[in-house]
Amino acid sequence: MPSTRYVHGPVVSSSDLDAHLRLFAAFGLVEHARREHDVRECAALWGTTGLAATEIALATPGTRYGARLLRFHPTSDVVVRDRHRGYDADAPKVIDFYAPDFAAARAAVERAGFVLKEPLAEYDLPEGRFVEGHVWGPDEVVCALLGGPAEFFADFATVTDRTFSEPQSLSGSVSRLEPAVAFFEQALGLRVVYRYGIDDDSFRELVGSGGPQFRLRAVNVGLDTREPYFGLIHYGMPDGSYASLAGRARPPHRGTLGATIVVDDVDAVSARVAAAGGAVLAAPCEAELAAFGGARCALVAAPNGGCYQLVAPR
């Protein structure tokens, strides 16, 4: 069965490429290539109408992982997320980075002109004590610094000897947890690599939602814990206490839209996405990408609210 080869990393729609380059440079990513896409190419790749786009490929040096920035022309007025409603569901939210030395990582982010949301979260998991801080950047793009036991992250990141790891995961809350997990398993051939829960007041404050009903449950789905994966989260809050952002993380809206997934067979995986309850937003096509060069691509949407460009490099 054709399936995922690896998750490359997040896709961000930007209104200010220089600002996002500065943000991701603070997390150790470097520009790898850029390309202009005309209206026709943009329509084929991203399902847009009457828009062009600039694509910038970012890389974590020494790995095959990174991120992609898109600047659509003209720029959308719609932003996927609102920092005052961090608990809303059904759209990607946090790009996670492991920070072996949390103080040094925080200093690197602050030198770049960004600040961590206060207060930080400190919580316990069976593997030890963790600290987490969030940076809300341009277009409400959220990056997380994660500190904790080195022996744990030796199995949960590729890069562990620098200020930051590669983009370790892309996480976001969902209205329905187990159906979202089943989709990633059935459509993309991923598997559950870790389950955990957090019931901690400092984490409630980090997310921006208090109350006794808040109790996070999370499932990470991927191919391996040592390479980028997806975090699917339910905050335990009752229906009606949060909004669904379903359909909002779509080009050309601004913010974190989803991720790039490298697959064996774009056509076969696109068909499985549709059969598993997802949607094909842009049909398979041949294209030239900054991140991969020549490739066959398709854009699909998943029940967790994200959209994902499937890529099979030539």
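A search of the whole structure, which is a predicted model, finds 20 aromatic pairs. Rings of Phe, Tyr and Trp (its six-membered ring) are paired if their centres lie within 6.5 Å; planes under 30 degrees apart count as stacked, over 60 as edge-to-face and the rest as tilted. In this predicted model, local features need pLDDT of at least 70 and side-chain atom pairs count only at pLDDT 80 or more, while totals for chains, interfaces and linings use all residues. Residues are numbered from 1 along each chain as its sequence is written, and side-chain values use heavy atoms, with hydrogens and water left out.

**Aromatic pairs**

- Phenylalanine 130 and phenylalanine 153 form an edge-to-face pair, with 5.9 Å between the centres and 70° between the planes.
- This pair links distant parts of the chain, since phenylalanine 130 belongs to strand β7 and phenylalanine 153 to helix α4 (residues 150-153), 23 residues apart. Helices (H or I, at least four residues) and strands (E, at least two) are DSSP runs, numbered from the N terminus.
- Both phenylalanine 130 and phenylalanine 153 are buried; buried means under 20% relative accessible area, exposed over 50%, and partly exposed in between (1.4 Å probe, protein chains only).
- Phenylalanine 156 and tyrosine 194 form another edge-to-face pair, at 5.0 Å centre to centre and 70° between the planes.
- Because phenylalanine 156 lies in the loop between α4 and β9 (169-173) and tyrosine 194 in strand β10 (residues 191-198), the pair ties together parts that are 38 residues apart in sequence.
- Phenylalanine 156 is buried, with a relative accessible area of 9%, and tyrosine 194 is buried at 13%.
- Ring pairs join a cluster whose members include Phe130, Phe153, Phe156 and Tyr194.

**Valine 131 in strand β7**

- Valine 131 is found in β7, which spans residues 128-136.
- Its relative accessibility is 16%, so valine 131 counts as buried.
- Beyond its neighbours within four places in sequence, valine 131 is in contact (heavy atoms within 4.5 Å) with Phe102, Leu120, Ala121, Glu122, Leu145, Leu146 and Gly147.
- Valine 131 and alanine 121 are 10 residues apart in sequence, and their C-alpha atoms are 5.6 Å apart in space.

- α5 has 12 residues and reaches 16 Å from its first C-alpha to its last, close to the 16 Å expected at 1.5 Å a residue; the expected span is 1.5 Å times one less than the number of residues.
- The buried residues of α5 are Leu177, Ala180, Val181, Phe183, Phe184, Ala187 and Leu188.
- These residues fall within an arc of 155° seen down the axis, so they line one face of α5; the arc is that of the directions from the helix axis to the C-beta atoms.
- Just after α5, glycine 189 takes a positive phi of about 70°.
- Serine 175 has its place in the loop between β9 and α5, and it counts as buried at 16% relative accessibility.
- The side chains of serine 175 and aspartate 90 are joined by a polar contact of 2.6 Å. A polar contact is a pair of N or O atoms within 3.5 Å; within protein, one must be able to donate a hydrogen and the other to accept it, and residues adjacent in sequence count only if both atoms are side-chain atoms.

**Helix α7**

- In α7 (residues 266-275), Val266, Val269, Ser270, Arg272 and Val273 are buried.
- They cover an arc of only 160° around the axis, which puts them on the same side of α7.
- Just after α7, glycine 277 takes a positive phi of about 100°.
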